[in-house]
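Please consult it alongside the sequence and the model.

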Amino acid sequence: MTPSVRLQEMIRVIRSARTQCEERGIIQRECADIRAQFRQSDNGERSHSLAKLLYVHMLGYPAHFGQMECVRLIASTRYNEKRIGYLGAMMLLDEKQDASLLITNSIKNDLSHSSQYVQSLALCTLACMGSGEMCRDLAPEIERLLRASNSYIKKKATLCAVHIIRKVPELGELFTPSARSLLSEKNHGVLHGAVVLITELCERNRDTLGQFRKAVPELVQIMRSLVTSSYSPEHNVAGICDPFLQVRILRLLRILGHNNDTASDAMNDLLAQVATNTDSSKTAGSAVLYETVLTIMDINSESGLRVLAVNILGRFLLNNDRNIRYISMTSLQKIVQTDHNAVQRHRGTIVDCLKDQDASVKRRALELSLALVSAVNIRSMMKELLIFLSTCPPELRSQTASGIFNAAERYSPSKRWHIDTILHVLTTAGGDVRDETVPNLIQLITTASELHSYTVHKLYRALVKDISQQSLVQVACWCIGEYGDLLLKGECEEMEPVQVKEEDVLDALETVLQSHMSSPTTRGFALTATMKLSTRITENVDRIRSIVSIYGSCIDLELQQRAVEYNALFKKYDHMRAAVLERMPVMDKNSPDHTNGDTAVETIKEPDAPKPTVLPSEPASQVCDLLGLLCETDITLQSSPAPISTPPTSTSNAGDILDLLGELELTAVPAVTVYEKNGVSLKLQCDKQMDTDVTVTFIASNSSLSDITNFTLQAAVPKSVKLQMKAPSGNVIPARGLGQVTQTVLLNNPNKVSLKMRVRMSYSNQGMMCQDTVQIDSFPSPAWNCQPSISPL
């Protein structure tokens, strides 16, 4: 190539390169020629060389050596060179480079130039790459140009002011008066820039909202003229007059009308007019209608207008464009909680979107369908959701199953329907359900005592048919173990009875135990179910004994431990087997205020100086800050878990079952009152002690005339002490001392340090939430001093 080659010729040669290596060679030779041109004196070719360098930059090759040439060309008096120089500055310079500061003075001079085109170049460059320092220096010049008579310059200056406000928000006050006056302009470009500027001012500084809310009638008038204006070729897009300006005005009205009744009332009629007169058959009309809907939903609009907005979104659901359907469902998802009945009218259309081929549309339709489930439509909606579950993509199965479970739990018409629905989900997508599904279903089955026979028959058939769904197999094994006697009787009024033999049940459980598809947890369920059947069948007990003995040497530690314990029941404690393996009691539903398991919440500190036994309650508006109350020694705070049901054991045999630890001689300690207020009394009792362990029981009673509800306890102890809170007996303390709530806390103090405990109580008294904290600096002396005697093993 020769240095005089033109830009078009260079582009042609680069595009004709056959390989990447050949292209790099052409670029390197051309960049060398451009450097040579820059080193020469002004020969009229500098702007052409910079233009070629900008094309090289667009291809991704280094072009930083042209930055200073941009500065030189901007200072030129020739318009062609100045134009290329400003273009190069916007592409090669940014606010992080020092070279950008060199053009500040040139931009300031060009802003006062007699030619509007030179002024335009300076405004565009400042709006594109102006740094914070440049914006501060040139802001007065921009504010001056906002009051110019030339509409072309006003439009450029307005958009430049938007950039300045984004860079330096405190300069917004400088442009506020001028922005208000720009709304009287007739030029659409200036109006568009003015609306964008006002929107930016309102979003950056909420103090200006009051000033611009006075301009709502003027904005309404501008918007109405756009809606009712006749055909204008200059601004018409698909039959809509300047949809870009309409969308900007609607967004500004949404900001001005938010939480303001006066401004909202002023724009209600306009929004109704736009919603009814805008054609949605084209994309431009749909964009205007969508912004109208968002504005209606975000301001204090009338109820009828909100229904109209929901109906517009409902029409969008019928659009062939998937993008429009997607944004429609996204908007309906946001308003379904506030306008549930209005969205409910479009339930059929929303459910049909579950069949869409687009995965994003399916996901949005699923979320919206789950939100529309209610007690009235639970049966019909659940039928559609179950059909969708059987055909949905794998990535949506977990979400669908969880949504079905939640909806069934909230709106279940009957326990049988509830159980059938969950079993259907487990049969269809048992591998995609959450871990808590199994205990939740077991709890549901235990409470439906009249359906035990029906449930165990149905689960047995599902188990025989398919053992690949682990959650279903676990529930089936549990039910067979608990209600195997009902299964063997073959009596079931709800379904056709099938005579099941003992061998068949044991074959099914043994298949689960031996299957490679069964997880260790599932094998544990099956092994326990097999053991429980030993007290529910009359024959084949020897077969059960042999199955259990096999797993006494299992490689899985959990299964091995269970098998060894069960073997001990068969051999040494056979007289206790029936009592230990009797049917589980009805499980209580977990309290929503608790969580299963013992989870440490946070670490706090203990004070050095002793403190009173009982601390005063804190204000209701202030969260009990244990971190601020205990200062220097780390203490672990733990919340009380939810109630956990356990199988009953015989009191007389509790001490010698498996005879692992022998018998303990217990030391009883009198209860001590640690809190008494508002009729609520909390007592502490140390019931059981070992060398380093103690069991502390909190007993809460209520002497007031009304029940205490939502009662919860949290405890904090020094970090060297391990704390474990058991399930409380409940969360409601009956009035007039008619009942108590007990909470057991297990403490392990290996270092035998001085024990201190911080207890936080929260409860509801006649609808008012109360929260108090007490500190216990000394426990009853036997808690750590009494040494229990232990019988020999």
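The points below are grouped by topic.

This is a predicted model, in which local features need pLDDT of at least 70 and side-chain atom pairs count only at pLDDT 80 or more, while totals for chains, interfaces and linings use all residues. Residues are numbered from 1 along each chain as its sequence is written, and side-chain values use heavy atoms, with hydrogens and water left out.

**Cysteines**

- Zero disulfides (pairs of cysteine sulfur atoms within 2.5 Å) are found in a search of the whole structure.
- The closest cysteine sulfur to that of cysteine 477 belongs to cysteine 479 and is 9.7 Å away, which is too far for a bond.
- Cysteine 477 is buried, with 0% relative accessibility; buried means under 20% relative accessible area, exposed over 50% and partly exposed in between, with a 1.4 Å probe and protein chains only.
- Cysteine 392 also counts as buried, at 4% relative accessibility.

**Backbone geometry**

- Alanine 238 is not a glycine, yet has a positive phi of about 55°.
- Alanine 238 sits in the loop between strand S1 (236-237) and strand S2 (240-241); strands are DSSP runs of E with at least two residues, numbered from the N terminus.
- The relative accessible area of alanine 238 is 47%, so this residue is partly exposed.
- Asparagine 678, likewise not a glycine, has a positive phi of about 55°.
- The loop between strand S5 (672-677) and strand S6 (680-689) holds asparagine 678.
- Asparagine 678 is partly exposed, as its relative accessible area is 40%.

How values were computed: Helix = DSSP H or I, 4+ residues; strand = E, 2+ residues; numbered from the N terminus.
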